[in-house]
Amino acid sequence: MKRNLLFLLGVVVITAVLLLIGVPVYTMHILVQVLLWGAICSGWTLLGRFGITSMGHGAFVGIGAYGVVLLWNHLGITPWLGVPIAAAAAMLLAFAVGYPCFKLRVVGRNFSLVTMAMAVVVQLTIIAARDVTGGSLGLTPKAQTSAPLLALQFPNKNVAFLFALGFWLVVLWVMTRLNASMTSLSLAASAEQEDAAEAIGINVAREKLKVLLLSAAVTAVGGALLGQYLMYINPETLSGSPVSLQILYASIAGGMYTVLGPTIGSGLTLALTESLRVLFGTRFIGAANTIYGLMLILFVIFMPQGIWGTILSKLQGRTSRRARSLL
Amino acid sequence: MLKITGLSKHFGSFVAVNQVSFEVEQGEILGLIGPNGSGKSTIFNVVAGLYKPTAGSILFQGKEIGGLPAHQICHLGIGRTFQIPRPFSKLSILENVVAAAFFGSSPRPGAKAARDRALEVLSLVGLDSVADDSIDVLGAAGLKKLELAKALATQPKLLLADEPLGGLDAEEMVQAADLLARIREEMGITIVWVEHIMGVLMRVVDRVVVLDHGEKIFEGSPAACVQDPQVTECYLGHAHGARREAVPTASH
């Protein structure tokens, strides 16, 4: 608890300093994205750390981003309402896919394949409904210039940063609460011994579903905020398989068994994408994905705990797979 | 307490359990024995909800439980151990038992109460000194004790113990048998005890049910059991073939 407060104090101080000295707009732009993707990846690890590897969280990101913009552009429903509605829609999809999977014990690679298909279906649906969604050309939320905050739009990067930071902190808090909970104990138990977990009274399907719904909601809100911040959403960059895989890369590279790992992983992948873009411009388009793929292979083989997980276990001389501290 | 009537379990065309009926009385220790492959563990797994019965009825305290999911059967008051221990290797020894104490009974206790109950059960089985260790420190006997502790932490009224002596040496077997007797005495838990070796079991159980090839071939006292020609034949094989003619209703 004390460590959590210390961490929070540190974050507040750093934020205050950043805002006071005035960070370049480009740096702020990167920071906002790192925080939002970090929150999305953290949402993925809620489930991923128990060996339930969803390869379809891009679907929830897409539902979050598109849900909010569609409700705003077509029906005039403010994103302040749109965000919870989109999150509920993502949870509904998570339930429709997760309930039969967990009841019928679809686990391991089969669950990964089912979720991967889910992401593809969502992406293709967005592309197919081009009259409403703009298809593969993407969509821009109608700008609300007089009072942008009423439409959850952030022309001011500092305001966007504060929103992203707030959301990220809430997600970390949810993560630590879940880690310390009995639900976490039950999922760690059933990850390897489902029959034995049932035998001591754990309703394995229900516990998994609870965490999947939470994870979907977090991811959808992250997707919605990302769309609102970028002011442009596209089925390639905010839904579907590429996004699902990007979430996986970042979480694994950073360290999915730690609280800060997914965020650190997001920072690394964004830094990689950006530096490739700056260095090579458009000559090397798609290189980032190739490098991600290579990274994923190397990490899974040589550093399954990810960068942050490895550093922590070196520092603390332990290899806890259920990190309980905030770090 | 537990009434099994005409229970059958088929796996495809293989009949693992065929029309077995027996009852378990409140407060007794019932031995369920038979050679390997006689259907003992299958009956356990059906009663505990791991498999759905093909036919027959299972009444627990007057309620039909056949086909209910395992976690519900646990909540109704049936605890079970697995023949090959199934510890949760990512959790500490204490966490293994805390999970059982928390999720095992309905309504659920608080986290603190679950921890207290887990510590209590660990000291009963003699694992309290290693509570915070990883399960790697446990040998065969220790894993059997942990298995028992998990089942007891769910506060069962009926305990299904699947080969609690398997893999233990002679001294450990006596200790484990004494522990089961104590569980019945001190906690008032009814026990069904599956074993394929008779030795130690016979000294502790009140009654025995003997299975062979998925069918019940004997039910009665331990003393009568060792005298029964059909039981000796299934255990000792056809070397005792001379006795076979004395058993007109041989099951095979």
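A pocket, as the word is used here, is an open set of grid points with protein on both sides within 12 Å along at least five of seven lines, and its lining residues have an atom within 4 Å of a point. In this predicted model, the largest pocket is lined by 27 residues and holds about 860 Å³ of space. A search over all chains finds 15 salt bridges. Arg80(B), although buried, has no salt bridge.

**Largest pocket**

- Thr237(A), Gln246(A), Thr273(A), Ala288(A) and Tyr292(A) are the lining residues that lie nearest the centre of the largest pocket.
- Two or more lining residues come from each of α2 (25-48), α11 (240-254), α12 (261-280) and α13 (287-302) of chain A.
- Helix α12(A) gives the largest share of the lining, six residues.

**Leu276(A) in helix α12**

- Leu276(A) belongs to helix α12 of chain A.
- With a relative accessible area of 13%, Leu276(A) falls under the 20% limit and is therefore buried.
- Beyond its neighbours within four places in sequence, Leu276(A) is in contact with Gly281(A), Ala287(A), Ala288(A) and Ile291(A).
- Leu276(A) and Ala288(A) are twelve residues apart along the chain, and 7.1 Å separates their C-alpha atoms.
- Ala288(A) is also one of the residues that lie nearest the centre of the largest pocket.

**Salt bridges within a helix**

- Side chains of opposite charge can pair when their charged atoms come close.
- In chain A, the side chains of Glu207(A) and Lys210(A) form a salt bridge, at 3.3 Å from N to O.
- Both residues, Glu207(A) and Lys210(A), sit in helix α10 (residues 204-230) of chain A, three residues apart, or about one turn of the helix.
- Glu207(A) has 1% relative accessibility and so counts as buried, while Lys210(A), at 42%, counts as partly exposed.
- In chain B, Asp116(B) and Lys112(B) meet through their side chains in a salt bridge of 3.0 Å, N to O.
- Asp116(B) and Lys112(B) are separated by about one helical turn because they are four residues apart in helix α4 (residues 111-125) of chain B.
- Asp116(B) is partly exposed at 36% relative accessibility, and Lys112(B) is exposed, with a relative accessible area of 58%.

**A network of salt bridges**

- Arg105(A), Glu194(A), Asp195(A), Lys208(A) and Arg86(B) are joined into one network by salt bridges that share partners.

**A salt bridge between distant parts of chain B**

- Glu28(B) and Arg207(B) form a salt bridge in which the closest N and O atoms are 2.8 Å apart.
- The pair links distant parts of the chain, 179 residues apart: Glu28(B) is in the loop between β2 (14-24) and β3 (29-33) of chain B, and Arg207(B) is in strand β9 (residues 207-212) of chain B.
- At 7% relative accessibility, Glu28(B) counts as buried.

**Arg80(B), a buried charge with no salt bridge**

- Arg80(B) lies in strand β6 (residues 78-80) of chain B.
- The nearest side chain of opposite charge to Arg80(B) is that of Asp162(B), 4.2 Å away.
- A salt bridge needs a side-chain nitrogen of Lys or Arg within 4 Å of a carboxyl oxygen of Asp or Glu.
- The side chain of Arg80(B) does make a polar contact with the side chain of Asn45(B), at 2.7 Å.

Technical notes
Residues numbered from 1 in each chain as written. Chains lettered and ligands numbered in written order. Predicted model: local features only at pLDDT ≥ 70, side-chain atom pairs only at ≥ 80, totals over all residues. Heavy atoms only, no water. Buried < 20%, exposed > 50% of the residue type's maximum accessible area, 1.4 Å probe, protein only. Lys, Arg positive; Asp, Glu negative; His and termini not counted. Polar contact = N/O pair within 3.5 Å; in protein donor to acceptor, adjacent residues only side chain to side chain. 1 Å grid on protein atoms, 1.4 Å probe; cavity = no way out; pocket = protein on both sides within 12 Å on 5 of 7 lines; lining within 4 Å. Points joined across faces, edges and corners; volume = space filled by probe spheres on them. Contact = heavy atoms within 4.5 Å.
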